[in-house]
Amino acid sequence: MTEHIAPLRLSLSIDALQSNWRWLAAQSGGAACGAAVKANAYGLGARGAVEHLQNAGCRDFFVASWAEAADILPLLADDAGLSVLHGVRDDDMAMAAASRARPVLNSIEQIARWRQAGEGRPCDVMVDTGMSRLGLTMDEALSGALDGLPVRTLLSHLASADEDVPQNAEQLARFQALKAGITADRYSLSNSAGICLGADYAFDLTRPGLALYGGIARDACLGHIRQVVFPEVQVLQTRTVKAGAPVGYNATYTPRQDQRIAIINLGYADGYLRCFSGGKGGAHFEGQALKLVGRVSMDLVALAILEDCAVTAGDWVAIDYDLPATAAASGLSQYELLTGLGARYDRIWG
């Protein structure tokens with residue numbers, strides 16, 4: 001059977017992914033460096049990311065849900081660990097009991113659930129040190145609620161590590177107090193941006209996500225973190241639009257003179273959202289710029305072709321997707337740009 005080739009693909013760099021992890025590991029002050037591979041490895045494809053990160057030396061992985069855990073567990077080496085950040089609901093217990101992944105317990109109720117049905121197996125625990133999201137309160141954690149629980153990793157999460165704000169030092173001080181008062185095998189606070197705050201924030205294990213996949217979490221990443229994902233889309237049709245003829249929905253673009261355009265197989269169903277409309281998005285073909293014209297629709301985008309550009313139907317164009325620059329142009333965060341990449345792309349690691 002002939003393999004089907006989708007008209008849009010993500011060209012994914014193994015070398016850049018592994019280089020990013022190695023740099024983050026080197027910045028982790030001697031702590032182990034894990035990897036957040038939740039949300040399909042931030043849109044890049046969890047199974048491929050786990051394989052290549054393991055080959056680089058990563059042995060600690062984090063997902064959001066038990067369904068995500070089940071997808072990658074068969075790929076993990078015997079000495080690799082997997083933590084499920086959202087803990088265990090009642091509905092998760094059957095799957096959790098049969099899995100070697102560890103729950104990250106986030107509440108007194110989840111702790112009670114794991115004590116009752118976890119059969120004494122290790123767990124991780126999240127404590128809220130200032131984000132008011134998941135996790136035990138400081139008072140709950142220090143009240144003895146964890147006594148006797150086999151805690152592999154005690155975690156908290158930095159809320160504003162990408163900014164220079166007092167909250168970072170406040171959360172660090174609270175986590176240091178937790179470490180002094182709670183027994184665990186390991187302690188973990190830092191995400192990608194937290195790693196860049198210095199060795200004091202590293203503790204025993206860091207948990208990068210964004211920077212692994214090419215995102216610039218702080219300026220310290222510049223020159224070290226490399227782009228991993230390069231969207232490429234096939235041209236479906238080229239045509240010449242006469243001067244004064246509108247292009248796309250609601251006639252938001254009308255050329256003043258005859259304009260050759262390329263229609264490509266990309267749209268907001270693929271995570272390329274309408275905020276790229278009005279010339280905020282674009283592509284390149286053989287080094288020549290192709291500006292987006294008109295509105296982004298569900299499956300199609302129009303690009304203006306310069307007179308000397310030879311692009312035609314069947315050619316592949318490279319979508320402009322430098323993460324910091326594209327975030328600034330679109331108003332989307334780097335996280336949204338990555339995790340929004342849809343299911344219709346072929347994901348090709350090389």
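## Cysteines

The structure holds zero disulfides, a disulfide being a pair of cysteine sulfur atoms within 2.5 Å. This is a predicted model, in which local features need pLDDT of at least 70 and side-chain atom pairs count only at pLDDT 80 or more, while totals for chains, interfaces and linings use all residues. Residues are numbered from 1 along each chain as its sequence is written, and side-chain values use heavy atoms, with hydrogens and water left out.

The cysteine sulfur closest to that of Cys221 belongs to Cys196 and lies 3.7 Å away, which is too far for a bond. Cys221 is buried, with a relative accessible area of 0%, whereas Cys275, at 24%, is partly exposed; buried means under 20% relative accessible area, exposed over 50%, and partly exposed in between (1.4 Å probe, protein chains only).

## Helix 6

Helices (H or I, at least four residues) and strands (E, at least two) are DSSP runs, numbered from the N terminus. In helix 6, which spans residues 108-117, the residues Gln110, Ile111 and Trp114 are buried. Seen down the helix axis, the buried residues fall within an arc of 100°, so they line one face of helix 6; the arc is that of the directions from the helix axis to the C-beta atoms.

The face turned away from this buried side carries the exposed residues Glu109 and Gln116. Among the elements that cover the buried residues of helix 6 are helix 5 (93-97), strand 6 (102-105) and strand 7 (123-126), where contact means heavy atoms within 4.5 Å. Just after helix 6, Glu119 takes a positive phi of about 55°.

Strand 11 (residues 229-241) runs antiparallel to strand 16 and is joined to it by three bridges, with Trp316 as the bridge partner of Gln234. Strand 13 (residues 282-285) also pairs with strand 16 in the antiparallel sense, over two bridges, and here Ala318 is the bridge partner of His284; two strands pair if DSSP finds at least two bridges between them.

## The loop at Asp79

Asp79 is found in the loop between helix 4 (66-72) and strand 5 (81-84), and Asp79 is exposed, with a relative accessible area of 56%. The side chain of Asp79 makes a polar contact with that of Arg59 at 3.0 Å; such a contact is a pair of N or O atoms within 3.5 Å, and within protein one must be able to donate a hydrogen and the other to accept it, while residues adjacent in sequence count only if both atoms are side-chain atoms. Asp60 lies 19 residues from Asp79 along the chain, and their C-alpha atoms are separated by 9.1 Å.
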